[in-house]
Amino acid sequence: MSRITPVPREVAPPDVQAAYDQHVANYPGSRITNMKATLGRSLLSFQVYMQWYPLYEQVKEILGNRLAYLYAHAISQGSNCPLCTTFFRRIMIDNGEKPEDLLLSPHEQLLVDFGSEIARNKGEVSDVLFDPVQALYTDAQLVVLVAFAGQMIATNVFNNVLEVEIDPYLFPYLPLTTSSAT
């Protein structure tokens with residue numbers, strides 16, 4: 001059970017209702033999830049966290065759609081965030097992928113490892129991993145990729161600390177088993 005009850009649109013203050021409506025209008029196919037409705041308790045917090053969307057669009061421009069969602073999934077998994085990991089599992093599965101049996105090119109594996117290491121090591125990335133990533137991307141692109149990782153981790157932390165419940169629409173995408181290995 002979530003530590004803080006989400007605020008559904010119908011009981012949210014008018015400014016939060018307007019922010020919810022604007023968000024859904026700006027990002028067709030999006031919805032007000034448990035995380036977003038929990039953020040709705042603070043309009044500014046909601047607005048800040050929703051900046052994830054334009055940043056993710058920039059990441060997709062740099063990496064392409066597939067590598068963008070793989071990168072975001074790796075960060076979420078590295079942060080041990082069940083909600084965000086499941087969200088990106090949904091995207092992978094809906095794109096015909098098997099999350100437990102991904103076929104990755106060396107470039108894709110490098111970015112997945114990079115995102116995971118950023119999350120697992122609280123931002124400390126070895127030169128052995130950073131240098132080949134830096135060789136592939138401009139400084140401006142690296143800033144976007146690292147900023148997105150930070151935003152993704154912030155989202156993961158928010159969901160983990162408040163134990164935000166996984167939305168029912170994500171239930172079919174939960175892994176059948178969970179790993180006990182660390």
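Contact in this report means heavy atoms within 4.5 Å of each other. The model described here is predicted.

## Where α6 meets α9

Start with helix α6, residues 82-94, and helix α9, residues 139-161. Their axes come within 8 Å. The two helices cross at roughly 125°. Angles of 65 to 115 degrees count as roughly perpendicular and those over 145 as roughly antiparallel, and α6 and α9 are therefore oblique to each other.

Which residues meet at this crossing of α6 and α9? On the α6 side they are P82, L83, C84 and F88. On the α9 side they are M152, T155, N156, N159 and N160.

## Where α5 meets α7

Helix α5 spans residues 65-78. Helix α7 spans residues 106-120. The two pack at an angle of about 30°. Their axes are 7 Å apart. Angles under 35 degrees count as roughly parallel, so α5 is roughly parallel to α7. The crossing of α5 and α7 is right-handed.

From α5, the contact uses R66, L67, L70, Y71, A74, I75 and G78. From α7 it draws on H107, E108, L111, V112, F114, G115, S116, I118, A119 and R120.

## The loop between α5 and α6

This loop holds S79 and N80. Is S79 buried or exposed? Its relative accessibility is 16%, so S79 counts as buried. The cut-off for buried is under 20%. The side chain of S79 also makes a polar contact of 3.0 Å with the side chain of N156. N156 is one of the α9 residues that meet α6.

Set aside the neighbours of S79 within four places in sequence, and its contacts are A119, I153, N156 and N160. Among them, A119 also takes part in the contact of α7 with α5, and N160 in the meeting of α9 with α6.

N80 is exposed, because its relative accessible area is 61% and the cut-off for exposed is over 50%. N80 has a positive phi of about 55°, although it is not a glycine.

## Salt bridges

Side chains of opposite charge can pair when their charged atoms come close. How many salt bridges are there? The count comes to 7.

One of them pairs E163 with R3. Their closest N and O atoms are 3.1 Å apart. E163 sits in the segment after α9 and R3 in the segment before α1 (14-26), so the bridge ties together parts that are 160 residues apart in sequence. R3 counts as exposed, because its relative accessibility is 54%. E163 is partly exposed at 39%. E163 also has a positive phi of about 50°, although it is not a glycine.

D21 pairs with R9. The closest N and O atoms of D21 and R9 are 2.7 Å apart. D21 belongs to helix α1 and R9 to the segment before α1, so this pair ties together parts that are 12 residues apart in sequence. D21 counts as partly exposed at 35% relative accessibility. R9 counts as partly exposed at 37%.

R90 forms a salt bridge with D94. The closest N and O atoms of this pair are 3.8 Å apart. Why are R90 and D94 separated by about one helical turn? Because they are 4 residues apart in helix α6. R90 is buried, with a relative accessible area of 19%. D94 is partly exposed, with 46%.

Salt bridges that share partners also join R66, E97 and E108 into one network. R66 of α5 and E108 of α7 are both listed in the contact between those helices.

## The loop between α6 and α7

S105 lies in the loop between α6 and α7. S105 is partly exposed, because its relative accessible area is 29%.

How far apart are the C-alpha atoms of S105 and P14? They are separated by 48 Å. Along the chain, S105 and P14 are 91 residues apart.

Methods: Residues numbered from 1 in each chain as written. Predicted model: local features only at pLDDT ≥ 70, side-chain atom pairs only at ≥ 80, totals over all residues. Heavy atoms only, no water. Buried < 20%, exposed > 50% of the residue type's maximum accessible area, 1.4 Å probe, protein only. Polar contact = N/O pair within 3.5 Å; in protein donor to acceptor, adjacent residues only side chain to side chain. Salt bridge = Lys/Arg side-chain N within 4 Å of Asp/Glu carboxyl O. Axes fitted to C-alpha atoms, helices over the stretch in contact; angles between N-to-C directions. Left-handed = near helix turned anticlockwise from the far one by under 90°.
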